[in-house]
Amino acid sequence: MRQLFTCGTLLCAAQLALNAAAVPEGYYPFPLKWDDNQFGTATDVSFLNHKPAGAHGRVIVKDGRFRTSGNNEPIRFLGIGIGGDGVFELDRDAAEKVAARLAKNGVNIVRFHNLDGSDRDRDTLIDFSRPGSCHFNPEHLDRLDYFIAQLKKQGIYLVMGLKVNRTLLPADGAPAGTRLGKRTDRFAKAWIDSQKQWARRLLTHVNPYTGTTLADDPAVVSVELNNESSLLFENLNWIAGLHPELLRELTGLWNDWLLEKYGSDRALEAAWSKGAASAGSSLLRSASRWHFEHQENLKEICPNSAAGSGASVETVVLSRNDQDWKTQLQLPGLTLEDGCDYTLEFEASADRPGNVRVVSSLDKSDWRNCGLDEAFHIGPEPRKFRFCFTAGNTERGHVRISFGVGHAPGRVRFSGITLVPGARFDGLHGKSLAAKSVSLPLSGNAAQLRDRFEFMVDLDRRYADIMLDFLRNELKLQSLVVDTQIDWGGLSGLKREERMDYVDVHAYWGHPEFTGGSWEFKPGKWKIHNAPQSPRLITGEWCALEQFSRYKQTGKPLSVSEHDYPYPNDYAVEMMPLLVSIALRQEWDMLHLFIHGTFKSRGNSEGISHMFDQTNHPGKIGFFPAAALIFRQGMFEPAGRRIEMRLPRKPWLHFNNRFDRAWAVSGVRRNLLDSRCSISPMPLDTDEGAVAVTVEAAENAPQPMRAWQEGERTFFTALADRCAVITGHFGGHPVELGGFRIDAGTFPGNFGAAVLVARDGKALAESSELLLTIAGRFENSGVIWNDERSSTLNETNTWGRPPVLAAALNAAVELPADAPRKVYALDSTGRRTAELPAEFRDGKLRFRILPEHRAMHYEVKKP
């Protein structure tokens with residue numbers, strides 16, 4: 001037996017040595033436990049939740065805030081999304097542990113996403129053994145019910161998504177041989193009837209573990225009608241590909257709309273003919289010199305020899321870009337007159353079907369749009385296109401026409417390109433509104449395209465109204481309702497969401513870009529923008545946080561229901577500290593991170609399971625407890641400078657239907673650190689493209705946040721009585737904030753985040769219980785990066801393999817204190833693993849964190 005023990009010991013030691021050798025220098029393994037059951041620790045902030053969810057009444061909106069109806073107290077939500085793959089893998093034991101772990105980390109809301117998802121039986125609520133898509137898998141429904149009960153027990157509220165990825169099948173009423181998805185679900189009667197049926201079955205089903213329905217349960221904060229959905233998102237290419245039966249239905253709705261607006265064929269023809277002009281001399285010539293962007297993606301560019309008058313061009317696009325504008329054919333140097341109409345006509349074809357965007361803009365900085373921005377679909381058969389537009393924001397001799405061909409790989413041809421003054425209209429050609437035969441134009445003059453656009457705006461609103469009235473009047477739903485994310489459809493979202501209870505938005509930082517097929521993670525076919533977000537707070541350039549700030553409406557709470565730094569990202573540790581700090585300055589009330597990781601279907605929780613994995617990523621879930629303390633207790637005051645923008649009655653007809661363009665027209669500086677932004681619900685008394693802005697600034701308003709750069713290093717700090725936040729390149733560069741000082745040696749990447757927060761509501765120097773969360777980079781084992789660290793080169797296991805690795809930090813820490821404190825290193829569950837030597841002198845507590853602690857959390861406690 002002794003010999004066996006010795007051999008076993010040697011084998012174990014050899015395996016440990018092998019594992020240690022696989023860990024790169026400067027890192028150590030830091031796996032998490034999905035079934036963490038260490039409660040009562042310094043990382044346990046479940047005391048923030050009132051239990052059960054709904055104990056203080058249902059959540060209402062009052063004075064622009066979420067409040068609980070029983071005590072009229074404001075409530076902020078910090079949550080996480082969870083999809084079908086995450087829900088339906090949970091047996092009862094796992095459901096109890098997951099709910100408890102979420103509460104422990106400060107989560108008080110869960111957004112159910114994609115319960116109606118894929119055809120894979122394991123991931124969806126749909127029972128595909130029965131016809132259609134509206135029958136529920138009994139086992140999965142039971143798992144959902146039990147998990148909801150456990151969440152409610154832990155004080156975690158719910159957002160229920162009704163429609164994400166379900167497709168309409170013939171048994172549901174789809175035309176034979178088809179599967180109908182996005183966009184048709186917002187106008188087709190069969191689709192809307194099916195959504196009502198799904199909502200009735202889900203929301204009126206009595207949960208045997210709570211004894212109530214979702215329609216009645218005060219734990220349900222809201223119901224989301226249709227995730228990321230609008231008839232007007234990006235372009236109207238989808239019309240050309242409609243099934244004939246669906247096109248007839250849409251055309252019927254179009255004719256009804258025109259009849260209500262114009263009353264007769266004669267009035268319609270007069271409106272569409274007004275200001276129309278016959279073809280004049282083209283501003284383009286066959287010898288016009290074309291230019292291009294992203295030369296590396298274009299094999300050749302040359303005149304097109306195809307027959308026909310006008311300018312022509314032909315090229316080969318080597319690979320598909322994630323954005324069509326990233327590969328462009330451009331004809332610059334044109335002169336257009338503001339306020340004048342123009343007609344652009346051409347014939348186009350491509351070896352393979354693809355989408356193309358045509359734009360008029362300046363040919364120099366700031367590259368602003370000059371009136372035309374349309375998308376269309378091309379294929380092997382040549383098609384003729386006509387687009388009419390009114391020029392604006394031009395500069396003499398500096399307008400260009402651009403074709404964005406990044407979505408059309410292969411040979412692309414444009415011929416007979418003419419640009420003439422005036423708007424063309426050829427008449428109704430015997431079609432009539434009574435016969436419902438007036439076609440929905442794929443292209444046309446300005447009057448036609450304006451009507452088409454307004455029709456889609458109204459059709460989007462019609463869907464929202466139908467579903468809202470059904471939920472309220474027939475199902476007697478008591479919770480709040482939102483249709484979809486307000487920016488889907490641009491400024492038209494303001495009309496669609498007008499009756500909804502709050503504003504919801506999505507945005508990601510460092511979302512992957514694909515040059516191969518959509519979501520094709522092959523080496524060389526995708527990349528990320530691997531950089532911190534905080535520098536954008538300095539420059540004012542686009543970032544996810546800036547995008548969120550465009551959409552808040554005065555009098556309505558703002559919800560961020562999807563945000564993430566998709567893995568792999570070297571700067572993920574800044575995500576939670578930065579998000580909650582800016583959210584409090586901007587008065588955002590609900591934050592969801594996307595999405596809950598899995599541990600059974602995609603491996604255990606010792607490694608990051610996929611790009612959008614919050615709960616197995618220490619740099620994300622590890623900062624939740626500190627973030628919950630800061631955000632849910634409102635430790636930062638709203639910004640003292642308030643900016644409110646008023647828009648014209650129909651803002652979607654201006655500013656290229658874009659929120660950012662409307663804010664740009666305002667000319668007002670928006671700094672997320674010192675200014676909170678909103679859009680007034682009261683429109684201006686004008687139909688012109690103007691805005692009005694009110695700026696109010698509080699005297700002597702505190703400025704607790706700062707972002708700055710030192711060379712290539714970037715930093716963000718935020719200080720309040722009860723917390724201090726530092727993110728940035730503090731490896732080898734000391735940073736001090738209100739007596740909280742980090743003096744760290746160098747570590748991989750040198751970028752980290754450190755958050756010090758009081759757990760007992762007292763000021764930092766007086767607090768008896770402080771939680772310090774500090775970490776740098778996290779990544780799975782075995783990740784093979786490209787040279788730029790913008791993509792991984794792993795042929796399999798794209799995200800690497802377990803265990804997750806943490807950058808090792810060695811840092812001297814100093815913080816304000818009114819008396820000696822004990823300091824403990826904590827493991828990933830919050831359990832104390834070591835007491836650190838700590839020195840108290842002159843109102844300062846000093847100690848050192850070391851790699852051998854293998855910790856990202858430290859407890860600082862009065863003896």
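The buried residues of helix 3 are covered by elements that include strand 5, strand 6, helix 4 and helix 13 (618–621). Helices (H or I, at least four residues) and strands (E, at least two) are DSSP runs, numbered from the N terminus. Buried means under 20% relative accessible area, exposed means over 50%, and partly exposed lies in between (1.4 Å probe, protein chains only).

This is a predicted model, in which local features need pLDDT of at least 70 and side-chain atom pairs count only at pLDDT 80 or more, while totals for chains, interfaces and linings use all residues. Residues are numbered from 1 along each chain as its sequence is written, and side-chain values use heavy atoms, with hydrogens and water left out.

How far can the model be trusted? The term pLDDT stands for the predictor's confidence in each residue, from 0 to 100. The chain averages 92, and 95% of the residues score at least 70. Over residues 1–21, however, the pLDDT is below 50. Contact here means heavy atoms within 4.5 Å. Where pLDDT is low, the predicted coordinates should not be read in detail.

Back to helix 3. It covers residues 92–104, which makes 13 residues. From its first C-alpha to its last it reaches 18 Å, close to the 18 Å expected at 1.5 Å a residue. The expected span is 1.5 Å times one less than the number of residues. Its buried residues include Ala94, Val98, Leu102 and Lys104. At the start of the helix, a side-chain oxygen of Asp91 comes to within 3.3 Å of the backbone nitrogen of Asp93. After the helix comes Gly106, with a positive phi near 95°.

Now look at the sheet beside it. Strands of a sheet pair through backbone hydrogen bonds, either parallel or antiparallel. Two strands count as paired if DSSP finds at least two bridges between them. Here eight strands form an open sheet with parallel pairing, in the order 21-10-7-6-5-26-25-22. Strand 21 (480–482) and strand 22 (503–506) stand at the edges. Each has a single partner strand, so one side of each is left without a neighbour in the sheet. From one strand to the next, the twist averages 25°. Angles run from 0 to 180 degrees between N-to-C directions, and axes are lines fitted to C-alpha atoms, for helices over the stretch in contact.

Strand 6 (residues 109–113) and strand 7 (residues 157–161) run parallel, joined by four bridges. Val110 stands opposite Leu158 in strand 7. Helices lie against these strands too. Helix 4 (residues 138–153) lies across strand 5 (77–83), strand 6 and strand 7, at about 160° to strand 6. Helix 14 (residues 624–632) packs on the sheet and touches strand 5 and strand 26 (590–593). Its direction makes about 135° with that of strand 5.

The C-alpha atoms of Glu562 and His592 are separated by 5.6 Å, although the two are 30 residues apart along the chain. A polar contact of 2.5 Å joins the side chains of Glu562 and Tyr508. A polar contact is a pair of N or O atoms within 3.5 Å; within protein, one must be able to donate a hydrogen and the other to accept it, and residues adjacent in sequence count only if both atoms are side-chain atoms.

Lys163 sits in the loop between strand 7 and helix 5 (189–203). At 2% relative accessibility, Lys163 also counts as buried. Its side chain reaches the backbone oxygen of Arg166 at 3.4 Å. Beyond four places in sequence, its contacts include Asp116, Asp185, Glu224 and Asn227.

Finally, turn to the antiparallel strands. Five of the six residues of strand 39 (residues 811–816) are buried, so the strand is largely enclosed by the rest of the structure. Strand 34 (residues 740–744) pairs with strand 39 in the antiparallel sense over four bridges. There Arg741 has Glu814 as its bridge partner. Strand 43 (residues 844–849) pairs with strand 39 in the antiparallel sense over six bridges. Here Pro816 has Lys844 as its bridge partner.
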